[in-house]
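Please look over the structure shown here before reading on.

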4 protein chains.
Amino acid sequence: MFNIDAMSRTPVYEQIVLQVERLCRLGVLKAGDQLPSVRALSLTLSVNPNTIQKAYSELDARGLATSVPGKGCFISRASEDALESAKEKKLSELTETVKSLKADGLTADEILRAVEKALDKN
Amino acid sequence: MFNIDAMSRTPVYEQIVLQVERLCRLGVLKAGDQLPSVRALSLTLSVNPNTIQKAYSELDARGLATSVPGKGCFISRASEDALESAKEKKLSELTETVKSLKADGLTADEILRAVEKALDKN
Amino acid sequence: MFNIDAMSRTPVYEQIVLQVERLCRLGVLKAGDQLPSVRALSLTLSVNPNTIQKAYSELDARGLATSVPGKGCFISRASEDALESAKEKKLSELTETVKSLKADGLTADEILRAVEKALDKN
Amino acid sequence: MFNIDAMSRTPVYEQIVLQVERLCRLGVLKAGDQLPSVRALSLTLSVNPNTIQKAYSELDARGLATSVPGKGCFISRASEDALESAKEKKLSELTETVKSLKADGLTADEILRAVEKALDKN
DNA sequence: GTGGTCTAGACCACG
DNA sequence: GTGGTCTAGACCACT
């Protein structure tokens, strides 16, 4: 269900958060679905339970999931709202990135070519 | 000459590197120009000399500047090449960013709109 | 008869206790009335029998109901006293909540407005 | 600067968050002020550094503070906004609490008396 | 069994 | 020195 890249610079807990987010966006996970238990996931991913816990807390803080002590961690009823705001955050980050590239002297043409290169391939 | 944001998450030394890079790209700094001395810059920016030293070492490693012991740090003669490769690195990072957004389920349309928003404004 | 919210942070057994309490206060349940059997309620609510048992024990401890082994759980004859002390407990909790809001720097005006907002609507 | 009640049911990290929040609201801490370092505070409070770290991460997540690796944790420039939204969250929680008390059959009079009791005293 | 909190101690990049 | 991440192992309330 999850792929962890131990060599990546993005923290393990963040990788998990991002993958849950993506699975929600792709419709694989829906509101009310239960995530694997902290201990179970820590075993399958060979990761410390605390790290999973941190990922689940993050999901909770971002409104994407709800952790219920003694029962488990579930995709939140308001997960679509959280997804939408996460999407907008990412797009505004992209806008800022592009703005700073322009400020660095890159031309609109160069930037657009790099973006379209990514969009065509996939 | 430089603006340092102490509360930014990008390391101070990186902020300096990026600003030298930009000044080169905008033509304010040219091959042969001398950068401020480590001590002088550390005073004007209220930054630890080690941090300035690290920034200059980075500029050296990236081929943008050359530190001459006892004389100072100068914009390299091959700075244009370094600039070019830095530019390509940034553009390929942008391509990767956009690819991951697509993988996250964002549509090409949403992405293009965010990019064009940045290009139009500035 | 009961509504259980599995995703709520308040424990299931507490949800049951609170709902029995409310039904008593509203006059739906009266002294001598029999509550559903542990097994029956565990089936209709899809909840572990232990959880129901714990709810009934709590009701017993709070003086609201009396469990008679082999016969069932009944609303206590002294339920009105229990209700009264539960009410006072809740009101004193509210007082404490409001005090801590004041200590946090919220003005009496803001607090009163929030309270009146709740009282008008319902 | 901080008082930790080890016996309290509210987690230590939350106690710290709440106290920083209160100090901001009272004007003792202002935007740009630096909080004690993780290690220093862990020593003065006799609390594990990880617990302090968690508190500071929470402050970051709530927009009240900004942690800068290698430099320290500072009250955020946008701390007033965070304070405002925290206040509104608390008031809406109060509204919900009062609503549920009404649904439990408590009269508006009883509720108002409990609230005013708290407001008069302080 | 579940999640939540905390301690202890380690390593990293950064200043 | 700073914060950030992670591991290891403990205890708690709740199901």
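The briefing below is grouped by topic.

This is a predicted model, in which local features need pLDDT of at least 70 and side-chain atom pairs count only at pLDDT 80 or more, while totals for chains, interfaces and linings use all residues. Residues are numbered from 1 along each chain as its sequence is written, and chains are lettered from A and ligands numbered from 1 in the order in which they are written. Helices (H or I, at least four residues) and strands (E, at least two) are DSSP runs, numbered from the N terminus.

**Chains A and B**

- The contact between the two chains takes 26 residues from chain A and 25 residues from chain B, where two residues are in contact if their C-beta atoms, placed from the backbone, lie within 7 Å.
- On the side of chain A that touches chain B, helix 1 (12-25), helix 4 (79-103) and helix 5 (108-121) of chain A each supply at least two residues, and helix 4 of chain A gives the most, with 11 residues.
- By class, that side of chain A has 13 nonpolar, 4 polar and 9 charged residues, with Ala, Val, Leu, Ile, Met, Phe, Trp, Tyr, Cys and Pro counted as nonpolar, Asp, Glu, Lys and Arg as charged, and the others, Gly among them, as polar.

**The largest nonpolar core**

- The largest nonpolar core has 20 residues, and those with the most contacts inside it are A:Val20, A:Ala55, A:Leu59 and A:Ala65; such a core is a set of buried Ala, Val, Leu, Ile, Met, Phe, Trp, Tyr and Cys residues joined through C-beta atoms within 7 Å.
- A residue is buried if 20 or more other C-beta atoms lie within 10 Å of its own, exposed if 12 or fewer, and partly exposed in between, with C-beta atoms placed from the backbone.
- Helix 1 of chain A provides the largest share of this core, 5 residues.
- Not counting residues up to four places away in sequence, A:Val20 touches A:Leu29, A:Leu35, A:Leu59 and A:Leu64.

**The DNA strands**

- Among the 28 residues around DNA strand E, A:Ser37, A:Ser67, D:Val12, D:Asn48 and D:Gly70 come nearest, a residue being near a strand if its C-beta atom, placed from the backbone, lies within 6 Å of it.
- Helix 3 of chain A gives the most to the surface near DNA strand E, with 4 residues, and this surface divides into 13 nonpolar, 13 polar and 2 charged residues.
- DNA strand F is surrounded by 28 residues, of which the closest are A:Val12, A:Asn48, A:Gly70, D:Ser37 and D:Ser67.
- Helix 3 of chain D gives the most to the surface near DNA strand F, with 4 residues.

**Helix 1 of chain B and C:Arg9**

- In helix 1 of chain B, the buried residues include B:Val12, B:Ile16 and B:Val20, and the buried residues of this helix pack against helix 3 (49-61), strand 1 (65-68), strand 2 (72-75) and helix 4 (79-103) of chain B.
- C:Arg9, found in the segment before helix 1 of chain C, is exposed, with 9 other C-beta atoms within 10 Å.
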